[in-house]
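Have the sequence and the 3D view open as you read, and take the points in order.

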Amino acid sequence: MQDEEYLTGQLLIAMPGMRDSRFARSVIYVCAHHPEGAMGLVINRLVGAITFPDLLAQLGIGPPTIDEEIRVHFGGPVESGRGFVLHSGEYRQDSTLQVDETVALTATVDILRDIAHGQGPRRSLLALGYAGWGPGQLDSEIQANGWLHVAPDEDLVFDESLDNKWERAIGKLGVDVSMLSGDAGHA
């Protein structure tokens, strides 16, 4: 029997033949994976339509007091108006989901306020929406050759260089992208 949460804390990498355009060339950090389904955040796409200061203003939080540019990511197509912060594990609130020893997830306004004022986690990724799967759906998509998975590293998860994050994630597997096919084969 496989571990009930075997992909929690792993990266999903869309195969080159991913037919769902919302996930083509996506890298997703899996925050939870259990028999009831799975939830993750796309970590290599930006929303583009909203800035961090805009988001703070919409939430009634004053302008940021830090000079650092905080980018807003497209976390996935589910609940696209809801914010999630994937972050380094040293920052915790009562509502924080500790994914593993080094990464956690918090979805409160307080973390946004803390980030805006330089009191947030050491590293973070702000996303609107998430990717979600029902019971057995993610497993089926993996078996249908839709996704690869690999253990993450902090730099890959939180690095701001998005253009080559998909290639770098596949590279962690030691696989040549040109050798991958979107079609499943049968012997």
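1. How many positive and how many negative side chains does the chain have, and how far apart do the centres of the two sets lie? This is a predicted model, and in it the chain carries 13 positive side chains and 27 negative ones. The centres of these two sets are 4 Å apart.

2. Next, the overall layout. You will find five helices and nine strands, arranged along the sequence as β-β-β-α-β-β-β-β-α-β-α-β-α-α. With a radius of gyration of 17 Å, close to the 16 Å that the globule rule gives for 187 residues, the chain is as compact as a globular protein of that length. The C-alpha trace spans about 60 × 35 × 25 Å along its principal axes.

3. Of the 187 residues, 43% count as buried. Among contacts with a separation of 6 or more, 67% join residues 24 or more positions apart.

4. The interior deserves a slow look. In soluble globular proteins, nonpolar side chains tend to be buried together. Here the largest nonpolar core contains 38 residues, and those with the most contacts inside it are Leu12, Tyr29, Leu41, Leu86 and Trp147. A second, separate core has 15 residues, including Ile50, Ile61, Ile111 and Ile115.

5. Beyond its neighbours within four places in sequence, Leu41 is in contact with residues including Val27, Tyr29, Phe84, Leu86, Leu105 and Ala127.

6. From there, move to Ala127, which sits in strand E8 (residues 124-133). Is Ala127 buried or exposed? Its relative accessibility is 0%, so Ala127 counts as buried. Leaving out residues up to four places away in sequence, Ala127 touches Leu41, His73, Gly75, Arg82, Gly83 and Phe84. Ala127 and Leu86 are 41 residues apart along the chain, yet their C-alpha atoms are separated by 7.9 Å.

7. Finish with helix H2 (residues 109-116), whose buried residues are Ile111, Leu112, Asp114, Ile115 and Ala116. Ile111 and Ile115 also belong to the second core. What do the buried residues of H2 pack against? Their partners are helix H1 (52-58) and the strands E5 (78-88), E7 (103-106) and E8. Just after H2, look for Gly118, which takes a positive phi of about 70°.

Notes:
Residues are numbered from 1 along each chain as its sequence is written. This is a predicted model: local features need pLDDT of at least 70, side-chain atom pairs count only at pLDDT 80 or more; totals for chains, interfaces and linings use all residues. Side-chain values use heavy atoms; hydrogens and water are left out. Helices (H or I, at least four residues) and strands (E, at least two) are DSSP runs, numbered from the N terminus. The radius of gyration is taken over C-alpha atoms; the globule rule is 2.2 Å times the number of residues to the power 0.38. Buried means under 20% relative accessible area, exposed over 50%, partly exposed in between (1.4 Å probe, protein chains only). Contact means heavy atoms within 4.5 Å. Lys and Arg count as positive and Asp and Glu as negative; His and the chain ends are not counted. The place of a charge is taken as NZ of Lys, CZ of Arg, CG of Asp or CD of Glu. A nonpolar core is a set of buried Ala, Val, Leu, Ile, Met, Phe, Trp, Tyr and Cys residues joined through side-chain atoms within 4.5 Å.
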